[in-house]
Amino acid sequence: MSDLVYVLNGPNLNLLGTREPDIYGSATLDEIAGMLEDRARDLDLEVDVRQSNHEGHLVDWLHEAQAEGAKAVLLNAGAYTHTSIALLDAIRSIAVPVIEVHLSDPATREAFRHVSYVGMAAAGEVKGLGPQSYVVALEKAAAL
Ligand code: DQA
């Protein structure tokens, strides 16, 4: 059976495609999920792509990734990246490696995006490549 990789997406990422396309591009989250499924097939991985606007759902899904024996989690926590000690604690609470993903490069944007609580516990980070950030993160997960 293929190894499972959770791909968790936080607030406002359900609006990709129409949300600030000058920053995030025109691909929808469904299209990104399709790209990941194609790449996962080549890498002999299975992806489970989810999105929630609610912080607690992301915490629950991180716990679930561990309970289900996932190989890795790709996490684009959206704005919770920069605010959520609960996500930092959740990542520290599980043994599953979490790779931080961003479409944009938060380090080149507003100062409040320069702090990443996710990054304080993540096993790796891919940012600034648009949808390709997710694909590169999946390749990193495959290599773990
Ligand atoms: C984002 C960057 C975050 O700062 C922002 O709040 C998002 C999207 C990205 O993918 O570039 O919602 O995580």
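Start by selecting Gly69, which follows helix α3 and has a positive phi, near 70°. Helices here are DSSP runs of H or I with at least four residues, strands are runs of E with at least two, and both are numbered from the N terminus. The model is predicted: local features need pLDDT of at least 70, side-chain atom pairs count only at pLDDT 80 or more, and totals for chains, interfaces and linings use all residues. Residues are numbered from 1 along each chain as its sequence is written, and side-chain values use heavy atoms, with hydrogens and water left out.

**Helix α3**

Step back to residues 55–67. These 13 residues should span 18 Å at 1.5 Å a residue, and the end C-alpha atoms of α3 are 19 Å apart, which agrees. The expected span is 1.5 Å times one less than the number of residues.

Now colour Leu58, Val59, Trp61, Leu62 and Ala65, the buried residues of α3. Buried means under 20% relative accessible area, with a 1.4 Å probe and protein chains only. Look down the axis of α3: its buried residues fall within an arc of 165°, so they line one face. The arc is taken from the directions from the helix axis to the C-beta atoms. An α-helix has 3.6 residues a turn, so residues three or four places apart point the same way.

Show what covers them: β1 (3–9), β2 (45–51), β3 (72–76), α4 (85–93) and β4 (98–102) are included.

**Asn76**

Go to strand β3 and pick Asn76. Is Asn76 buried or exposed? At 3% relative accessibility, Asn76 counts as buried. Its side chain reaches the backbone nitrogen of Gly78 at 3.0 Å. Leaving aside neighbours within four places in sequence, its contacts (heavy atoms within 4.5 Å) include Leu8, Leu13, Val101 and Tyr134.

**The ligand**

Finish at the ligand. Which residues surround the ligand? Among them are Arg19, Tyr24, Asn76, His82, His102, Ser104 and Arg113. From Arg19, a polar side-chain atom lies 3.0 Å away. For His102, an N or O atom of the side chain is at 2.7 Å. A polar side-chain atom of Ser104 lies at 2.6 Å. The protein covers 99% of the 320 Å² of accessible area that the ligand has on its own, by the Shrake-Rupley method with a 1.4 Å probe.

Methods: Buried < 20%, exposed > 50% of the residue type's maximum accessible area, 1.4 Å probe, protein only. Polar contact = N/O pair within 3.5 Å; in protein donor to acceptor, adjacent residues only side chain to side chain. Near = heavy atom within 4 Å.
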